[in-house]
Amino acid sequence: MAPGPIRVAETPLVSYLLRRADDALVLGHRLSEWAGRAPTMEEDMALANMGLDLLGQARMLYAHAGEVEGRGRDEDAFAYWRDERGYRNLLLVEQPNGDFAVTIVRQFLYAAYAEPYWRAMMASGDATLAAVGAKAEKEMAYHVRHCAEWVVRLGDGTAESRARAAAALTELWPFTGELFEVDGTDRTLIAAGIAVDPQTLREPWQRTVIQVLAEATLEAPPAGFMRRGGRSGRHSEHLGHLLAEMQHLQRSNPGAAW
Amino acid sequence: MTEPKIPLWEVFIRSRNGLAHKHVGSLHASDATLALQAARDLYTRRGEGLSIWVVPSHAITASDPADKGMMFEPAASKIYRHPTFYDVPDEVGHM
Amino acid sequence: MYTQALNAGAVGAGQPPGEDAALLARFQERVDADQRIEPNDAMPEAYRRTLIRQISQHAHSEIIGMQPEGNWLTRAPSLRRKAALLAKVQDECGHGLYLYAAAETLGIAREELVDQLLTGKAKYSSIFNYPTLSWADIGAIGWLVDGAAIMNQIPLCRCSYGPYARAMIRVCKEESFHQRQGFEIMLTLARGTSAQKAMAQDALDRWWWPCLMMFGPPDAASQHSDTSTRWKIKRFSNDELRRKFVDATVPQAHFLGLTLPDPDLRFDADSGHWEFGAIDWDELRRVIAGDGPCNADRIAARRCAHEDGAWVREAALAFAAKRQAKQAA
């Protein structure tokens, strides 16, 4: 157990693992906020299932980060004892749930990237990442399928649902550039055969998004300014609140086991 | 309530290959695709299924329990349809 | 999770005019012979109404029951606990859905049942009108509330109405992890820091008596149990189940090293049972009547989810109608 907030000495691989784990944890946490609040009880089940998939991915990745770091830290040390600036997730996944359209569009945009990402990672030189890939690829394929069905229904449903879906797309679109960002960490690991080049994911992502939006009679917002910063810990203001809520119990009882 | 009703679907699950689909319950969904996904999320959370059928509940035609007598009892007396009706000497062995 | 024997407003056994005494007798014979009753079978109207009431209350309890535990989903103190709690809260939603499905086989639509809940016409288990004030409450709910629920639900697996019994079998199978999950949380806290132990004791202090109330009013005050018992909807009386629960739970509390908040609690060697102090039935009546700590919040939250989701449900139906029209064209 950590005695206080931790700062991780981030080697490229540790950093890379934390980025993926943080994406999954933060998005899974957002989905868990829906429990008991979904538009139908059937959809409550679906949102929880997607949240559980992501929590599972996060836990495997944190555990691996702990092994690679070699300082005896477990999944909870990374999740509960890093501050906002130490979190490495995409800005997209920390955006608030908003209405059902925002949640579904956010999940769709992320899953349409994560599915080909994890499929490619099955060939990673890191055996654990490859194993996570084999599991996550199927999970994310289902998220794409489920969210795409909803995007189509909201886009081609009523005037109100169409307006809400369009507003959600406009709101979240600027966060999609970060999905394909490449920095030094990525370059090192791409060269080592551990990471996939995110640039290669742009084409499959666009294909999925454009096809589903077309079926939904929605249009992709025009290419514009893309927001970034999550990978280096420069987040939106939303993440701090999420972490404050998530971490408070651990932090107010240092050293306790739960 | 003025809200229009969301259709009811019956759910059938094949738990493993070699077994038939079995009725497990029902759910509500606005169309077949969402019904199938809802069935997956609701009825296969613990690996209960390999295949799912969803059928609009209104598409099922059921026999009336009141007709049980004429529907099913006439079969009871046709005992010659069962192998135990026929005598085969023990020494013939299993047949 | 679970419902309770809410006898307030119970449906009487009185037969509506025109319901044939011969039908009632034939029905009772079938029940006595332990034959299961299936959806379209002839059944007394009071049997049907009693079942709709009980199954829907049970379903509502599962759905409302998501809230007190959901209150800690975003604050669960470890990722392992977070995943288990999300799976548990999700199970409760699933169990609500299995039960609504069973109720619908009796010829009532889920929309109508949900409407009864949202307008306050339908009841749900009083236990969910208490707040979850610390993480230990999540342990106490799993251990005690689910423990009480299991006592009640296991006999329901043999209930005379087929769809209800089948739903309960599924629920009981899935719920076996819920109580263990709760007990494990309590055990971890009881063996933890002094602050954690105090948290566990405080949760037990607050949840113990409401859990005993979950089994419903004492048998002497419960006028409708007879019919339910005769119809094999109910197989044990409120007091029998309550006693079973206390006998099973007291040793578990001792194992945890926690004190039950009942100065009159003592083991009676003659009967072999734990004798417990007087239950505050006024409190139960108050909570059922709507004046529990969280009644208003629970219904408001449910209504909010329902209203916020209306545009989504409309969109899904509108889309389905468009596709159907396109196919027909």
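A pocket, in the sense used here, is an open set of grid points with protein on both sides within 12 Å along at least five of seven lines, and its volume is the space filled by probe spheres set on the points. With that in mind, the second largest pocket of this predicted model has a volume of about 560 Å³, and among the 34 residues that line this pocket, the closest to its centre are A:Glu33, A:Ala35, A:Gly36, A:Arg37 and C:Ala301. Helices H3 (66-70), H12 (295-308) and H13 (310-328) of chain C each give two or more residues to this lining, with H12(C) giving the most, 6 residues.

The largest pocket has a volume of about 1,100 Å³, and of its 36 lining residues the closest to the centre are B:His23, B:Val24, B:Gly25, B:Ser26 and C:Arg166. Here H7(C) gives the most to the lining, with 7 residues.

The linings divide by residue class as follows.

Turning to the interface, 12 residues of chain B are in contact with 11 residues of chain A, and the two chains bury about 1,100 Å² between them, 55% of it on carbon and sulfur atoms. The rule finds 1 salt bridge across this interface: A:Arg153 pairs with B:Asp31, their closest N and O atoms being 2.8 Å apart. On the side of chain B that touches chain A, strand E2 (22-28) and helix H1 (32-43) of chain B each give two or more residues, and H1(B) gives the most, with 7 residues.

Definitions and conventions:
Residues numbered from 1 in each chain as written. Chains lettered and ligands numbered in written order. Predicted model: local features only at pLDDT ≥ 70, side-chain atom pairs only at ≥ 80, totals over all residues. Heavy atoms only, no water. Contact = heavy atoms within 4.5 Å. Buried area = accessible area lost by both parts, 1.4 Å probe. Salt bridge = Lys/Arg side-chain N within 4 Å of Asp/Glu carboxyl O. Helix = DSSP H or I, 4+ residues; strand = E, 2+ residues; numbered from the N terminus. 1 Å grid on protein atoms, 1.4 Å probe; cavity = no way out; pocket = protein on both sides within 12 Å on 5 of 7 lines; lining within 4 Å.
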